[in-house]
Amino acid sequence: MTNLLKDRKISETPFRKEVLAIFTKYNNAIPLSVIEKELKEYNRITLYRTIKIFLEKGIIHEITINGAVSNYAICKEECDTVAHHHQHIHFKCNRCGIIFCVEVDKFPTIILPKYKIEQLEIQAIGLCENCNV
Ligand SMILES: [Zn+2]
Ligand SMILES: [Zn+2]
Ligand SMILES: [Zn+2]
């Protein structure tokens, strides 16, 4: 997984590796507060910069649903330093509050005449598979 940093030409610092490891540990999107708790040595400025670089280099993406605090998730598809290309749905659970990146068989293709879509995000709210029992 540390190759991801090399692939995207990000210098590998112990801090960045640690943050990346936290992202890969979770199957869902996480807010900064979760990362803070997991870090051995928390430094707000360093974390902020790391998140910014990871976003710019297509390693993670940001999700905000209904004005809630930003969550971040690792990019599974072919995101790169130019753009994020996501073909999954962002799902927020009303019960546990967790935001998930959910893969779908067929992500809809939407054509808007005269407009150029550069990014398309689909958000859903309901009960996640853990809460919907
Ligand atoms: Zn992405
Ligand atoms: Zn849930
Ligand atoms: Zn996502």
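**Labels and their grounds**

Modeller: From the N terminus on, the order of elements in the protein is α-α-β-α-α-β-β-β-β-β, that is, 4 helices and 6 strands, where helices (H or I, at least four residues) and strands (E, at least two) are DSSP runs numbered from the N terminus. This is a predicted model, in which local features need pLDDT of at least 70 and side-chain atom pairs count only at pLDDT 80 or more, while totals for chains, interfaces and linings use all residues. Residues are numbered from 1 along each chain as its sequence is written, and chains are lettered from A and ligands numbered from 1 in the order in which they are written.

Biologist: Why is the radius of gyration said to agree with a compact globule?

Modeller: The globule rule is 2.2 Å times the number of residues to the power 0.38, with the radius taken over C-alpha atoms; for 133 residues a compact globule would be near 14 Å, and the protein has 16 Å, which agrees.

Biologist: Why is Asn66 called exposed?

Modeller: A residue is exposed if 12 or fewer other C-beta atoms, placed from the backbone, lie within 10 Å of its own, buried if 20 or more do, and partly exposed in between; Asn66 has 7 and is therefore exposed. Asn66 sits in the loop between strand 2 (60-63) and strand 3 (71-74), and has a positive phi of about 55° although it is not a glycine.

Biologist: What makes Lys114 count as exposed?

Modeller: Lys114 has 4 C-beta neighbours inside 10 Å, so it counts as exposed. Lys114 lies in the loop between strand 5 (99-103) and strand 6 (122-126), with a positive phi near 75°.
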